[in-house]
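Visitor: I would like to learn how to read the features of a structure such as this one, going feature by feature. Could you take me through them, with the general idea before the particular case?

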Amino acid sequence: MRITRVESNLSVISGLLVRITLAVALGYFLWRVRSVLVMVIISAMLAYCLLPMVDFLTNKRFLPIGRQSRRLLSTVLVFVAFFALIWASVSLFMTPFELEAAKMRDSFASYTDQLQSSIAHAQKWYNNLPVDMQKFLGQQNFSKIGDNASGFAQRVVASTFHWIKNIWEIILIPVLAFYFVLDSRSLKREFLAMLPPWRMREAIKLTSRVSGIVQSYIIGQIILCITAGVLTGVVLHLLDMPYVLVLSVFAGITRAIPVVGPIISGIPICILGALQAPELGAALLIFVVVLHFVESKFLMPILLGERMKLHPAVILIVLLIGAEFFGLMGMFLSAPVAAIIREFVNFYIVAPRRRKLRATSIMSGTHKSDLVRSETL
């Protein structure tokens, strides 16, 4: 039976509408379960962080028991050691951190007065500028920039607390991570069993790439956060800055946010240094810039490799999107999610087109060589 052109167009349109409907339904479903999705992603990241140690202990036959029992024991030991380390770190730093935070809060009024005095000096400097320069600066709406930044920060904090208020989801994170680590192989087999046989090979490839992205991102960010916090603490201590512990912990935590994290932590450090002495503020600004340059140009390529090689403009866009929907947690998760989406796009769209173009160029080259050979004969 011959299919007319109208029937062919209707078939294409109906197929396109079905795909659009399924995409919209999937997007709506993901939006409805977004908090659960974030919880699962965080649990998976925690599992990827602890999985190498569990695999190492499982492969070491330290007890004459079966592999499953050894993996269960290894998982329990690793999780107990992990949370014991967190508890010990919090207990060790909590008291001095609270003392510094209280001292910083009590000194906030004096720092505000110093900042207002600096603004008054800047106003005098502005009044001594030429009239044309004053007119140009007066036309710039700097208050709008501040209002936009303040509004964005308020939305980020609101989104963060909106997710954190579901305390039962936070409690479920280590439980899910425990089962992810314990039954990682069986979960992978169950996932692959749902796929048709001809999709197995590409699913295994994609799973391996996604696992590499997540694992390298988590471990790399932990190393970068510790490095940033320790180096910041050492430099601030050598420069005799106040609130070393608060500022270094803040620098280490915010370093987990790509691109903008070092800027967020560098602003209060430079402001406090400048309030003490302009030369100290300039020295701290140089330190923050050099540290960010060394991290982004040397440490990140070594720790994350080519898997997380995203353009800074792309990272900024996905950071804004993640912050708008999920707050600080969205800013932390946006970069690996974008890298995973890029892997899917490369695997299903870019790579097939490249193979098709390569095959076409080879075929065209073969035809040209046959034509030259026939003309020669």
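Visitor: Is Phe 344 buried, partly exposed or exposed, and where does that residue lie?

Guide: The model is a predicted one, and the classes of exposure rest on relative accessible area, with buried meaning under 20% and exposed meaning over 50%. Phe 344 counts as partly exposed because its relative accessibility is 38%, and the residue lies in helix 13, which covers residues 312-376.

Visitor: Which residues gather in the patch of positive charge?

Guide: On the surface, Arg 61, Arg 67, Arg 185, Lys 188 and Arg 189 gather in that positive patch. Helix 8, residues 184-193, gives the most to the patch, with three residues. Arg 185 is found in this helix, and with a relative accessible area of 52% Arg 185 is exposed, since the class of exposed residues begins over 50%.

Visitor: How many salt bridges does a search of the whole structure find, and which side chains meet in them?

Guide: Side chains of opposite charge can pair when their charged atoms come close. The search finds three salt bridges. In one of them the side chains of Arg 71 and Asp 55 meet, at 2.9 Å from N to O. That pair links distant parts of the chain, with Arg 71 in helix 3 (residues 67-106) and Asp 55 in helix 2 (residues 34-59), 16 residues apart. Arg 71 counts as buried at 10% relative accessibility, while Asp 55 counts as partly exposed at 28%.

Visitor: Which residue forms a salt bridge with Glu 343, and what parts does the pair tie together?

Guide: Glu 343 forms a salt bridge with Arg 209, and the closest N and O atoms are 3.7 Å apart. Because Glu 343 lies in helix 13 and Arg 209 in helix 9 (residues 200-238), the pair ties together parts that are 134 residues apart in sequence. Glu 343 counts as buried at 13% relative accessibility, and Arg 209 as partly exposed at 36%.

Visitor: Are the two partners Arg 255 and Glu 295 buried or exposed?

Guide: The side chains of Arg 255 and Glu 295 meet in a salt bridge at 2.7 Å, N to O. The pair links distant parts of the chain, 40 residues apart, since Arg 255 is in the loop between helix 10 (244-254) and helix 11 and Glu 295 is in helix 12 (residues 278-304). Arg 255 is buried, with a relative accessible area of 4%, and Glu 295 is buried too, with 1%.

Visitor: Where is Tyr 243 placed, and what is its phi?

Guide: Tyr 243 has a positive phi of about 55° although it is not a glycine, and its place is in the loop between helix 9 and helix 10. Tyr 243 counts as buried at 6% relative accessibility. Asp 240 also has its place in the loop between helix 9 and helix 10, and its phi, near 60°, is a positive value in a residue other than glycine. Asp 240 is exposed, with a relative accessible area of 64%.

How values were computed
Residues numbered from 1 in each chain as written. Predicted model: local features only at pLDDT ≥ 70, side-chain atom pairs only at ≥ 80, totals over all residues. Heavy atoms only, no water. Patch = residues over 30% accessible without salt bridge, like charges linked within 9 Å, V, L, I, M, F, W, Y side chains within 5 Å. Areas by Shrake-Rupley, 256 points an atom, 1.4 Å probe, with all protein chains shown as cover. Salt bridge = Lys/Arg side-chain N within 4 Å of Asp/Glu carboxyl O. Lys, Arg positive; Asp, Glu negative; His and termini not counted. Charge placed at Lys NZ, Arg CZ, Asp CG, Glu CD. Helix = DSSP H or I, 4+ residues; strand = E, 2+ residues; numbered from the N terminus. Buried < 20%, exposed > 50% of the residue type's maximum accessible area, 1.4 Å probe, protein only.
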